[in-house]
Amino acid sequence: MFKIINSSYRLIINKGVSLLSIIKRHKKLSAFSAVLLAVVAFSITGSIEEDEQATTDIKNPSVEVQSIRDMSSGRTFTSVGTVESVSEARLQTESGGRVTAVYAKIGDIVNAGSILATLENASERASLLQAEGAYESAQAAAAQSNVGTREADIRLNDARLDIERVSNSVYGTVQDVLVSKIDPFYANPNSSYPSLRIATLSNTKFLSDERIAIQVALKDWDSFEFTITQTDSLYQHADFVKQQLEKLVNLVDIFRTAVNDDKNDSRYSDAERDSLNSDLALARTQLIGAQNSIEASKSELMNAVEAVERAQISSTGGITSSADAQLKQALGAYRSAQANYERTVVRTPISGVVNAFYLKAGEYVSPSAPAVIVANNNNGLEINTSVNQEDSVKIAVGDMVVIDKTATGTISAIAGAIDPTTGKVAVKISIDNTSEVKNGTAVSVKYTAKEVKQTTEISIPLSAIKMTGSGPVVFTVTESNQLKDLPVVLGPVSGSEVVIEEGVTLDTEIVVDARGLKAGTEVTVITK
C-alpha cells in the first residue's frame, strides 16, 4: 500500500495527474488508503497552488542578499527572564494561629515598620501590658533609690565582660551551625562562589552571597578587640552579632522549606528528610537562644550604664538599692513579652508596595507560612534570566540588551558557572529607570553577541534554507537578478541555525530569507 502511495506522490509532483486517475490506476486501494492519499494530495497540490499563486501575484519580490561570512558576525539571540524588584521583602508568619485582622491589600503603599496583619494574640497582649506595668513600676522605684557609685561601676564592668563572654559563646554556636547544618547544602561553601546542592525557592545568587558574607563576617568577628572602656563599640558589636544570627536563621528557614519541597523528593528519602528537618529545627532553636543571649547582654549593659548615671546624679550612701535589680528583671520580662507579641504580627521592614498578600482574616495559618510580599518598585528593577553555555561567552557585563523590543537594559552580572538546576548560566540585567517594564512580568531579552573567534564552519539561519523535492537548497542571485538554487548538504541544527557541510563557501552570497521563493524568479536585491 505504501509503495502505491509513494508512487502516487511522485505522479502528483512530477506529472500533475489527478487524484481520480490514481485511484483508477490502483484499484486495490482500501478506503483508508484512499483517504490518506487524498490528504497527501490535497496538502501537496495546495502547497503547489499557493506557491504558484504567490509567484504569480508578487512581481519582482525584494530579497536581502549577504555573504555567509557577513551573516556569521553580529548575531543576536534571546532569552526569557522575570522582572524583580531590587528591594523586596518576602514576609512569613513567625507563629501559628488564626488571622484576626488584615490592615493592607494588594497595591497599597506601606511604610517601614507598619503592621500589615495580626494573628490571635490576646494572651500575648495581656502579658505585654502586665510586663510594661511592672517595668514602669520598677523604673519609678529605681528613680527614688540611691545607687552606690562603686557598685554601679562594678556592675557596668561585669556587663561589659558579659558581652565578651556571650559573644565568644555565640561565635562557637554560629560556627557549629554553619559547618554542620548549613554547609552541607552548598558545594564548595568556602570558595569565592559557593553553589547550591539543592533546589530552593530563593534566589541562588542571594544564597551564595549570603554564605560569602557570613564567612567574611566571621573573620571580622574573630579579630574584634574588646575594649571594656568603650561602651559604644560594645553596642555596635552586639548589633553586629545579632545581624549575623538573623542571616543564619533566614538561611535555616530557607533550607527547611527547600528540604520539604517537591522538587527535592528524588534527592532525599523520608528518613533523610526527617533527619534534616530535626537538625535544622535544632539549629534554629540554638540560633534563637543565641539571639536572646546577646540581646540580654546588651540590655544588661544598657541598664548598667543607666545605673551608673543615676548613681552619679543621686548617690548618697554608696549602697545599691534592690529597685535597680528589680528594674532589670522587669525590663527583661517586658522585652520578652514584647518579643512574644511581635511574633503574632506581620510587620514590614521596608517601605514599598504590597505586591502579594496571602493572609485572610479568619483563616488559620501555621508558623513560617507565606504572608506578604512588599517591594520598592520605584527603587529599581532587574531581570533574572539565563542563557546556554555557548551564548554566555558571547556577552559581557556592561553590554546593552533590548527588553521586549521596546525597553533597554544593561547586563550587570553573569554567573561564572552553569547552574546545575537549570543547565544554563545565570544572567542579571539592570533595567533603565525610564522603561515601563512591570515588576513580576516575564520578558524577552535580546542580546547582540560580541565578535567571537573566526571559524571555518559554515553556519546559516534556517530561514535561508528552502526544502525542495530534490533536497535542500539556498538561493543566490544571478547578474540578471534571477534566483538560482544551490543544492547543499545539511549538518547539525543549533537553535535557529544549521551547519552547511557542502555546497557553499564563506564568500558565497545567498538570500537571507528563502521562504516563499522559487528558482528562476526575477527579484529586486536589497543589500545591508
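**Reading burial and salt bridges**

Trainee: Why is R273 called buried?

Mentor: In this predicted model, R273 has a relative accessible area of 11%, and because buried means under 20%, R273 counts as buried.

Trainee: What makes D270 buried or exposed?

Mentor: The relative accessible area of D270 is 58%, and since the word exposed is kept for values over 50%, D270 is called exposed.

Trainee: How do you know that the side chains of D270 and R273 meet in a salt bridge?

Mentor: The N to O distance for D270 and R273 is 3.8 Å, and the rule asks for a side-chain nitrogen of Lys or Arg within 4 Å of a carboxyl oxygen of Asp or Glu, so this pair is called a salt bridge. Both residues lie in helix α9, three residues apart, which is about one turn of the helix. D270 and R273 also belong, together with D265, to a network of salt bridges.

Trainee: How many salt bridges does the structure hold, and what makes K242 and E295 one of these pairs?

Mentor: The structure holds 14 salt bridges. For K242 and E295 the closest N and O atoms are 2.8 Å apart, and as the limit is 4 Å, the pair qualifies as a salt bridge. K242 lies in helix α8, residues 231-259, and E295 in helix α9, residues 270-314, so the pair ties together parts that are 53 residues apart in sequence.

Trainee: Why is K242 called partly exposed, and why is E295?

Mentor: Partly exposed covers what lies between the buried cut-off of under 20% and the exposed cut-off of over 50%; K242, at 22%, is therefore partly exposed, and E295, at 27%, is partly exposed too.

Trainee: Why does Q66 count as buried?

Mentor: Q66 has 19% relative accessibility, and because the cut-off for buried is under 20%, Q66 counts as buried.

Conventions:
Residues are numbered from 1 along each chain as its sequence is written. This is a predicted model: local features need pLDDT of at least 70, side-chain atom pairs count only at pLDDT 80 or more; totals for chains, interfaces and linings use all residues. Side-chain values use heavy atoms; hydrogens and water are left out. Buried means under 20% relative accessible area, exposed over 50%, partly exposed in between (1.4 Å probe, protein chains only). Helices (H or I, at least four residues) and strands (E, at least two) are DSSP runs, numbered from the N terminus.
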